[in-house]
Amino acid sequence: MSLSTLVAEPWSHYGLMDSGNGRKLERYGPYSFIRPEPQAMWAPALDAWDADGEFIPGSDEEGGGRWQFARPVPREGWDMEWQDVRFRSQCTPFRHLAFFPDMAPQWAWMRERLGEGTTALNLFGYTGVGTLALSAAGAHLVHVDASKKSVEAGKENAALSGMEARPIRWIVDDAAKFTAREVRRGRRYDGIILDPPKYGRGPTGEVWKLEEGLPGLIADCAKLLDADSRFLVLTVYAVRMSALAIGELLRQATGHLGGRVEMGDMAVREEARGLLLPTAIFARWSRD
């Protein structure tokens, strides 16, 4: 196994402008936003930040939080681009902007390993930006998310990208149950990507807890891979987990396949100073 850091560099439609004092300033297309960021423990580069909106977290008792806007921002969202994928960004009640820009290096890495006619499974696929990134490389995709709203957003993003006719199955289902059924059906995939939440609920009330559900899910995912498969990518945003832990979990599950396991931090490069802001941990198995 090897340790590494995956760095998301700024691009025309996204950038981490500055960070510090537990917050971050980002640009999403024509708009800029301030959001809480506990890992930005240093001082910011700029003396003052000017943003279109800021997410104000709730107290421990309240939970959640709310957006506060200094200038008008479209509630229905606005169009963004990453390479050949177009999608809609939006201020969500969960402080996110409807996609995760730190995933860009993972999308690029997976695209290099898929080609026309290959098959990939995206579990916890959210609004489908990763699904469309792989579909654009020629792969056939199965996109699974428990949220009907997220799956519908994925379909809308496919239309924005001109990919509505691409071979993508959009499925509203509990990821763990769907994967177990795929194992029983004897299915196989060239690549699997999963980005499980710390806690969640399936479409019929199934409860997902990361620490409890992840080992079994990884074991089932490994059964959907074979000697010709290309990768299994796992990203985790739960701060209490370690890259070493999920790397070992993946190594044991994929030991029969050969190949290699890589693990480490995911980060975004700040434009103001070039420093790296950590965002998540990852582990990935690949044939090469």
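Contact here means heavy atoms within 4.5 Å. The model is predicted. By that cut-off, and leaving aside neighbours within four places in sequence, Thr-92 is in contact with Phe-55, Trp-67, Ala-98 and Tyr-126.

**Thr-92**
- Thr-92 sits in the loop between strand 8 (85-89) and helix 1 (104-111).
- Its relative accessible area is 11%. Buried means under 20%, so Thr-92 counts as buried.

**Phe-87 and Phe-99**
- These two residues form a tilted aromatic pair, 4.7 Å centre to centre with 55° between the planes.
- Phe-87 belongs to strand 8, and Phe-99 to the loop between strand 8 and helix 1, so the pair ties together parts 12 residues apart in sequence.
- Phe-87 is buried, at 0% relative accessible area.
- Phe-99 is also buried, at 3% relative accessibility.

**Phe-100 and Tyr-126**
- Phe-100 and Tyr-126 form a tilted pair, with 5.5 Å between centres and 40° between the planes.
- Phe-100 lies in the loop between strand 8 and helix 1, while Tyr-126 lies in the loop between strand 9 (119-123) and helix 2 (129-135). The pair therefore ties together parts 26 residues apart in sequence.
- Tyr-126 is partly exposed, at 22% relative accessibility. Tyr-126 is also one of the contacts of Thr-92.

**Aromatic cluster**
- One aromatic cluster is formed by Trp-11, Tyr-14, Tyr-28, Tyr-31, Phe-33, Phe-55, Trp-67, Phe-69, Trp-78, Phe-87 and Phe-99.
- Among its members are Phe-55 and Trp-67, both in contact with Thr-92.

**Charge over a ring**
- Arg-284 lies over the face of Trp-109, 4.0 Å from the ring centre.

Definitions and conventions
Residues are numbered from 1 along each chain as its sequence is written. This is a predicted model: local features need pLDDT of at least 70, side-chain atom pairs count only at pLDDT 80 or more; totals for chains, interfaces and linings use all residues. Side-chain values use heavy atoms; hydrogens and water are left out. Helices (H or I, at least four residues) and strands (E, at least two) are DSSP runs, numbered from the N terminus. Buried means under 20% relative accessible area, exposed over 50%, partly exposed in between (1.4 Å probe, protein chains only). Rings of Phe, Tyr and Trp (its six-membered ring) pair if their centres lie within 6.5 Å; planes under 30 degrees apart count as stacked, over 60 as edge-to-face and the rest as tilted. A charge sits over a ring if NZ of Lys or CZ of Arg is within 6 Å of the ring centre and within 35 degrees of the ring normal.
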